[in-house]
Amino acid sequence: MPTITHIVNGDAFGDKLRASGIDGDILVWRESLYEGPIGMKMSDQALLALRAAYMHERHGIPEALFIATSVEQEHKLDALASSADELVLWFEHDLYDQWMLVYLLSRMAPASARPFQLSLLCIDRFPGEDTFYGLGQLSLEQIRTLHGAWDAVTEPQRLLACRAWSAYSAAEPLALAELLAEDLSALPCLRQALQIHLGRFPSTQNGLSTLEQLTLGLIGDAEVSVLSLFREVTAQAPEYGLGDLQFWSMLNRFWKCEKPLVSIAGTERLPSFGEALPLDFEGSRAKLTKLGREVLGGRLDNIQLNGIDDWMGGIRMFGKGEIWRRNSLDNRLVRS
C-alpha cells in the first residue's frame with residue numbers, strides 16, 4: 001500500500017490533522033525561518049551554531065535543544081525522501097509559512113529523480129471564513145474537505161523556490177529586488193511574503209520596521225495591556241504569522257535597549273521559551289517613553305539611538321551606522 005507523509009507548519013495544526021483521521025503520517029516542521037541567520041544549507045554546522053546562539057539570546061531556547069531538533073528533522077526529511085511514496089506539504093500564505101515552504105521546496109529540488117510524489121496544498125482563504133488566519137483555525141470537518149485537494153509540485157514551482165531561497169539567503173538584497181520584478185505566479189503567495197519581508201527592514205524615516213511602527217502606534221499616548229497589544233498586533237498583521245515569543249522579543253528590545261522606547265509596568269520580564277505566562281501577567285502594561293514618542297513621530301531614529309544587531313535572511317544588520325534600510329515612499333532598499 002502506498003505510504004504518504006504530510007509535512008505541516010506547526011504542532012497545533014499537526015494535532016488537528018491527525019485527529020481528522022486523514023490517511024498518512026505527519027511530520028511537523030519546527031523552524032522559524034523569518035528570523036535569525038539564514039544560509040543556503042540550513043544543516044551546515046557553523047550556521048546551526050549561529051542560529052542556536054541567536055534563538056537562545058532572543059527566546060531562551062537552549063542551544064543544544066535547538067541544534068538537536070534541527071538536525072533530527074533534517075534527517076527525517078532525508079529518510080522520507082527515500083522511503084515515502086508521497087510527501088504532501090501543507091502551508092499558508094503568511095511570512096512564517098512561506099519561508100518554510102520555499103526552503104522545503106528548494107531543499108527537495110533534486111527530487112525529480114527520486115521515486116516519490118511531492119505535492120502541495122497552500123491556501124490563503126477558506127470558504128465561509130471571512131478572515132483566514134491559517135489552517136489551525138479550521139475545524140476537523142473543514143480540514144477533512146481538504147483531503148486530496150493538493151496538487152503535484154511542478155518544475156516551475158521548484159525552480160522559483162530555489163531562486164527565492166537563494167535570494168533570501170544572500171548577503172545583499174539585490175537579488176530579492178530583481179525577483180520582485182518577475183512573474184511569481186508559480187507560487188501565488190510568494191510576492192506578498194517578499195513584500196512583507198522588505199517591510200522588516202528599518203525605515204529611512206525612523207529606523208522602525210513596519211511591524212515595529214504598528215506596535216508603537218497601537219500603544220500611542222495610552223498605557224495598554226501587553227496581552228491585548230499582542231492580540232491586536234496579530235489581528236492587524238496576520239500576514240506575518242507572528243508568534244508570542246517573537247512578539248515578546250520585539251517588545252523586550254524596545255524595553256531593555258540602551259535608550260528605551262517603551263516602559264512596561266506589572267512585570268520584571270517578559271516570558272521566554274518554555275515558560276507559562278505569570279499569574280499577574282494580565283496586569284502588565286506598556287507605555288511609550290518620551291523617546292518612543294519621538295521615534296514614532298519620525299523626529300528621532302531608533303537605529304541611531306539604539307543600534308541594531310539582527311538578521312534579515314542572510315543579511316547581517318549591525319551597529320548604528322550605515323545599513324540596509326527601506327525607503328518608506330517606494331519600499332525599496334537603500335544603504336543609509
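Predicted model: local features only at pLDDT ≥ 70, side-chain atom pairs only at ≥ 80, totals over all residues.

Colleague: Okay, sheets first. What's the strand order in the sheet with 5 strands?

Modeller: The order is S2-S1-S3-S4-S5, in an open sheet with mixed pairing.

Colleague: And which strands stand at the edges there?

Modeller: Strand S2 (25–28) and strand S5 (151–152). Each has a single partner strand, so one side of each is left without a neighbour in the sheet.

Colleague: How do S1 and S3 pair, parallel or antiparallel?

Modeller: Parallel, over 4 bridges, with S1 covering residues 4–8 and S3 residues 86–92. Threonine 5 sits opposite leucine 87 of S3. On the S4 side, leucine 87 has leucine 118 as its bridge partner. S3 and S4 run parallel too, joined by 7 bridges.

Colleague: What about S4 and S5, parallel or antiparallel?

Modeller: That pair is antiparallel, with 2 bridges. Leucine 120 stands opposite aspartate 151 in S5. As for S4 itself, 5 of its 7 residues are buried, so call it mostly covered by the under 20% cut-off on relative accessible area.

Colleague: Which strands does helix H3 lie across?

Modeller: S1, S2 and S3. H3 spans residues 63–83 and runs at about 145 degrees to S2.

Colleague: Switching to H4. How many of its residues are buried?

Modeller: 11 of its 13. Among them are Trp99, Leu104 and Leu105, but also Asp97, Gln98 and Ser106.

Colleague: What do those buried residues pack against?

Modeller: S1, H3, S3, strand S4 (117–123), H6 and helix H8 (190–198).

Colleague: What caps the N-terminal end of H4?

Modeller: Aspartate 94 does that, with a side-chain oxygen 3.2 Å from the backbone nitrogen of tyrosine 96. From first C-alpha to last, H4 reaches 18 Å, close to the 18 Å expected at 1.5 Å a residue.

Colleague: Now the nonpolar core. Which residues touch the most other members of the largest one?

Modeller: Leu89, Trp99, Leu104, Trp165, Phe247 and Trp248, out of 82 residues in that core. Helix H4 (residues 95–107) gives the largest share, 8 residues. There's also a second, separate core of 18 residues, including Ile22, Leu135, Ile143 and Trp150.

Colleague: Why would nonpolar side chains be buried together?

Modeller: They tend to do that in soluble globular proteins.

Colleague: And tryptophan 248, what does that touch?

Modeller: Leaving out residues up to four places away in sequence, the list is Val226, Leu227, Phe230, Leu270, Pro271, Leu277 and Phe281.

Colleague: Which side chain does glutamate 31 make a polar contact with?

Modeller: The side chain of arginine 51, at 2.9 Å. Setting aside residues up to four places away in sequence, glutamate 31 also touches others, including Met42, Phe66, Tyr96 and Met100.

Colleague: And glutamine 157, buried or exposed?

Modeller: Glutamine 157 counts as buried too, at 13% relative accessibility. You'll find that residue in helix H6 (residues 155–168). Its side chain reaches the backbone oxygen of alanine 186 at 3.1 Å. Beyond four places in sequence, glutamine 157 touches Leu105, Leu120, Ala152, Ala186 and Leu187.

Colleague: Last topic, the sheet of 3 strands. What order are they in?

Modeller: S6-S8-S7, in an open sheet with antiparallel pairing. The twist averages 30 degrees from one strand to the next.

Colleague: How many bridges join S6 to S8?

Modeller: There are 3, with S8 being residues 285–288. Valine 224 stands opposite alanine 286 in S8.

Colleague: And which helix lies across S6, S7 and S8?

Modeller: Helix H9 (residues 210–219), running at about 100 degrees to S8.

Note on methods. Residues numbered from 1 in each chain as written. Heavy atoms only, no water. Pairing = 2+ DSSP bridges. Contact = heavy atoms within 4.5 Å. Axes fitted to C-alpha atoms, helices over the stretch in contact; angles between N-to-C directions. Buried < 20%, exposed > 50% of the residue type's maximum accessible area, 1.4 Å probe, protein only. Polar contact = N/O pair within 3.5 Å; in protein donor to acceptor, adjacent residues only side chain to side chain. Core = buried A, V, L, I, M, F, W, Y, C linked by side-chain atoms within 4.5 Å. Expected span 1.5 Å × (residues − 1).
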